[in-house]
Amino acid sequence: MKVVLLGLTAGIAIWAAFPLVEAGAWIGLAILAGTTAGLFYLYLTRRHIPAKYLIPGTLFLIAFQVAPVLYTASTAFTNFGDGHRGSKQDAITAIQTASVTQVPGSTEYQLSVATTGDPASGPLVFLVTDPATGTVQAGDAGGLTKLDAADVTVGGTGKVTAAKGYTVLNFGQASARSKEITDFAVPTPGGAIRSSGLSRAYEGKAVRAYDAGCDCVRAADTGKTWTADPATGTFVADDGDRLAQGWQVTVGLTNFTRVVTDPNISGPFLGTLVWNFAFAIGSTGGTFLLGLFCALALNSPRVRGKNVYRVLMILPYAMPSFAMLLVWRDMFNTDFGLLNNLFGTHVDWFGQNWSARLAVLLVQLWLGYPYMFLVSTGALQAIPRELSEAGSVDGASPWQSFRRITLPLLLVALSPLLISSFAFNFNNFNAIYLTTEGGPFPAENSMIGATDLLITYTYRLAFGGQGAEYGFAAAISIFIFTIVAVISAVSFRRTRRQEEVYS
C-alpha cells in the first residue's frame, strides 16, 4: 500500500511539473519538488511517526482551506472582474482588435473554424488560407502561426478540411458558436483578422490604436483620446468616458471602503446585514426550540410508539434539501400554490418583503428542526434521570427541573452544534437562492433584494448579469468571514466557561 501511494504521489508530481516548467514557474516547481522529496523521506524512514499522520492533514488543510482564503484575501485588494482580468498589454490588444473594421483593400481569406479541445467549448482557432500564396495559418488570441503543408488538407475551394492537432468544426458545430466566432479576433500588426460569416475572414484595420508616447488610446476616426489611469486600471477620456476593457491592478482598501462610503451600497448593505443576522438567529433558534420540544415530548416514558413518531420526525431531514426548497417555492406560489389553495387565500408570499422573509424562515423551520430533534434526543438520553428525580425530591416543579437542570446540561452538549448551525445559516446560500432568489427587489436597486443574505449578494456581484466584480465580492467575503469568525470565537469561549461551571 505504501509503494502504491508513493508511486501515485510521484506520478501526480511529474504530471504537475510539466505545466510549471512550461509556464516558467520555477518557485512553484521548487515547492513541488521539495514537498514530494519530503513526503518520500517521511514515509520511507521509520522515524517521525506522529508526522506521518499530521503531515497529510496539514497539506490538505493548506490546499483546501488556507490557500483559498489567502487567494480570496489577495483578490479583495484588486479590481479583478469583467474587463479587468489580464495585464495592460492584454487590454490594449483587446481594445485594438475589438475596433477592427474592414477597409477597402483588406486581405480576405478562406476560413475554417477549428478548436484544440471540445468542439462545443474548446478554444477557437481560425484556419485561414492566403488566397495569393495558398499558405495556411492558424490564428488564436496570441496571433498567427504558419502550418506545414504536410499537416493540413485543403479542399477545392481553398478551405482547410483537416489539420494536425486541430478539430475542424462542421457547419452545425460552428453555427452553435456563431456569436463566439463573430466576437473572436486574431491580432495582427496594425489590426486583426475577423470572420465574415463562417467561411470567410478579412484582415481589418484597428480604428483605435495605442500610443506609447502619451500612454493613451486614440480613435483614428474621431480623434478622441483615452489616457491610461494606473490607479483604476482603465483608459479614461477627458469627459470621463472609460473604455470597457481595462487591466488588473491593486486598488488597496477601495473595495472595503466602498461598502461604507458608497451610498448606493452602504444603505442596502446594512439592511442586508441586519436581515442576515435575523435569518441566522431565527433559523437556528426556531429549529432548536421546535426540535427540543419534540425531543422532550417523545422522551417521556408515557409516550407509546416512539420509534414511529421519530421516523416521521426525521423525514424532512432524509429528503434532499435542494429538492425540498424547490417544492416549497411552488407551494408558496400565489396562483397555484398549495398554501393559498388550502386556506383559500391569495397571499403574494414572494411579492412583499415581510411575507417573503416569513416564508423562507418557515421553510428553514421545516427543513432544520429534524436535525435539532435528533441531537436533542441524543443529549437528553445522555443526561442521568437521577438528576431530575433528585430535583423532584427537593420540591422542584417540572419547569424548574427543566430550567435549572436539564436545559443547562443540554446547552453544554449542544452549544458547539448551535454555533456551527448559526455559521451555516449565516451563509445558507441554497435556502435563499432556490426559494426567492433574493427577491423581492426594490425598483431602484436590482442588486440587493429583501431576502438576500450577504452570501447571495456576493454571488450576484461575482456572477451577476451586470458584470462580475470579483475583487469587490472577495472583499464582502472577508467581511462575512470576519463576522462569523468573531461570533464563533466569542461563543466558543462562553461555551468553555459554561462547561467549567457544570463539569
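How many helices and strands does the secondary structure of the chain come to?

1. The chain comes to 18 helices and 15 strands, where helices (H or I, at least four residues) and strands (E, at least two) are DSSP runs numbered from the N terminus. The model is predicted: local features need pLDDT of at least 70, side-chain atom pairs count only at pLDDT 80 or more, and totals for chains, interfaces and linings use all residues. Residues are numbered from 1 along each chain as its sequence is written, and side-chain values use heavy atoms, with hydrogens and water left out.

2. Along the principal axes, the C-alpha atoms fill a box of roughly 105 × 70 × 45 Å.

3. Four strands form an open sheet in the order S12-S13-S14-S15, with antiparallel pairing; two strands pair if DSSP finds at least two bridges between them. Strands S12 (208–211) and S15 (234–236) are its edges. S14 (residues 225–229) and S15 pair over three bridges, and Asp-229 stands opposite Thr-234 in S15.

4. Helix H4 (residues 88–98) lies across S12, S13 (216–219), S14 and S15, at about 150° to S12; angles run from 0 to 180 degrees between N-to-C directions, with axes fitted to C-alpha atoms, for helices over the stretch in contact (heavy atoms within 4.5 Å). Ala-91, Ile-92, Ile-95 and Thr-97 of H4 are buried, meaning under 20% relative accessible area with a 1.4 Å probe, protein chains only.

Key: Buried < 20%, exposed > 50% of the residue type's maximum accessible area, 1.4 Å probe, protein only.
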